[in-house]
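Please look over the sequence and the model before reading on.

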Amino acid sequence: MPAALAAVVALVLAAPPPVAAASRTGSAPSSGGMAAAARRQGSPTPPPPRLPRDFRGKGKWIVRDLGITVPFTWEGRDGDSQMTAGGPQYPIWFTNLIYHDTLYTLTYKWPGLTEHPCSAIPGFNLEALNQAFEKARFVGPETLRGTRPQRKVNHWRVGVVFPDLPPGNHPRLPLALGDVYVDEHDRGTFWQVLQFGVQNLYDPELDEWLVMDTFEHRPGTVTLPRRCAAPRWAPPR
């Protein structure tokens, strides 16, 4: 299901069975150094990405194999966060939230989709997400082309493989991969994310991009859709 912390979300929930509700992405590829080059230069490994409690940003959601690009917002407030891609006038429209220790995904529109439930996965919050980022592997420093100005970023790779087995000749299934690009001077400023894996089941090529045009460190707006709200319990009369 098209959520939005996608690969990243599934990555955090890797210990339990794979989560089939997450996000989507698509963007202009980046270019630049790789980890080996960084090592040759003796560059220290920077701290891993860390999503802040309060932020707001705008950009685009790209599903390249479908030829679809829609507006995208990503906002956080007091540790809750919300991604929204597209809208009622676009071919893709979904929202993905971390809200009160629960991960919600609601897809309003997607090509070929006829069911539109709101999925809720309890026990997931900002802390769990950032714990997953702590396990990310540093790819290297890069420069994102196609941006003005061109952004200097640190490229990280997060992934989930099942089953979790030691090195050797074992059957393995890559469930989710996430490439995260954060500002080289601020690991809490996210400029680009590529998500690939089972959490992108709605997309034929299983991959999507989010690309940010702006990212500010001030509180955003997070709103749980009415369809996702739990019904209130009423005592019997």
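Which residue in S8 is the bridge partner of Asn96? The partner of Asn96 in S8 is Thr105. The model is predicted, with local features needing pLDDT of at least 70 and side-chain atom pairs counting only at pLDDT 80 or more, while totals for chains, interfaces and linings use all residues. Residues are numbered from 1 along each chain as its sequence is written, and side-chain values use heavy atoms, with hydrogens and water left out.

**The chain as a whole**

- The chain has three helices and 14 strands; helices (H or I, at least four residues) and strands (E, at least two) are DSSP runs, numbered from the N terminus.
- Of its 237 residues, 49% count as buried, where buried means under 20% relative accessible area, exposed means over 50%, and partly exposed lies in between (1.4 Å probe, protein chains only).
- Carbon and sulfur atoms hold 55% of the accessible surface of the chain, which comes to about 12200 Å²; such areas come from the Shrake-Rupley method with a 1.4 Å probe, and for residues only the protein chains shown count as cover.
- Among contacts in the chain with a separation of 6 or more, 55% are between residues 24 or more positions apart; a contact means heavy atoms within 4.5 Å.

**Strand S8 and its neighbours**

- Strand S8 covers residues 102–109, and six of its eight residues are buried, so the strand is largely enclosed by the rest of the structure.
- S8 runs antiparallel to strand S7 (residues 93–98), and six bridges join the two; strands pair if DSSP finds at least two bridges between them.
- S7 and S8 form a hairpin with three residues between them, and His100 in the turn has a positive phi of about 50°.
- S8 is also joined by five bridges to strand S9 (residues 118–122), again in an antiparallel arrangement.
- In S9, Ala120 stands opposite Tyr104.

**Nonpolar cores**

- The largest nonpolar core has 40 residues, and those with the most contacts inside it are Trp61, Phe72, Trp74, Phe190 and Leu210.
- Strand S14 (residues 207–216) gives the most to this core, with five residues.
- A second, separate core of five residues includes Leu97, Tyr104, Leu106 and Val222.
- A nonpolar core is a set of buried Ala, Val, Leu, Ile, Met, Phe, Trp, Tyr and Cys residues joined through side-chain atoms within 4.5 Å.
- In soluble globular proteins, nonpolar side chains tend to be buried together.

**Salt bridges**

- Three salt bridges are found in a search of the whole structure; each is a side-chain nitrogen of Lys or Arg within 4 Å of a carboxyl oxygen of Asp or Glu.
- Lys60 pairs with Asp213, with the closest N and O atoms 3.4 Å apart.
- This pair links distant parts of the chain, as Lys60 is in strand S4 (residues 55–63) and Asp213 in strand S14, 153 residues apart.
- Lys60 is partly exposed, with a relative accessible area of 30%, and Asp213 is partly exposed at 43%.
- Asp179 and Arg157 meet in a salt bridge at 3.0 Å, N to O.
- Asp179 lies in strand S12 (residues 173–183) and Arg157 in strand S11 (residues 151–162), 22 residues apart.
- Asp179 is buried, with a relative accessible area of 5%, whereas Arg157 is partly exposed at 28%.
- Glu216 and Arg218 form a salt bridge, their closest N and O atoms being 2.9 Å apart.
- Glu216 is partly exposed at 33% relative accessible area, and Arg218 is partly exposed at 40%.
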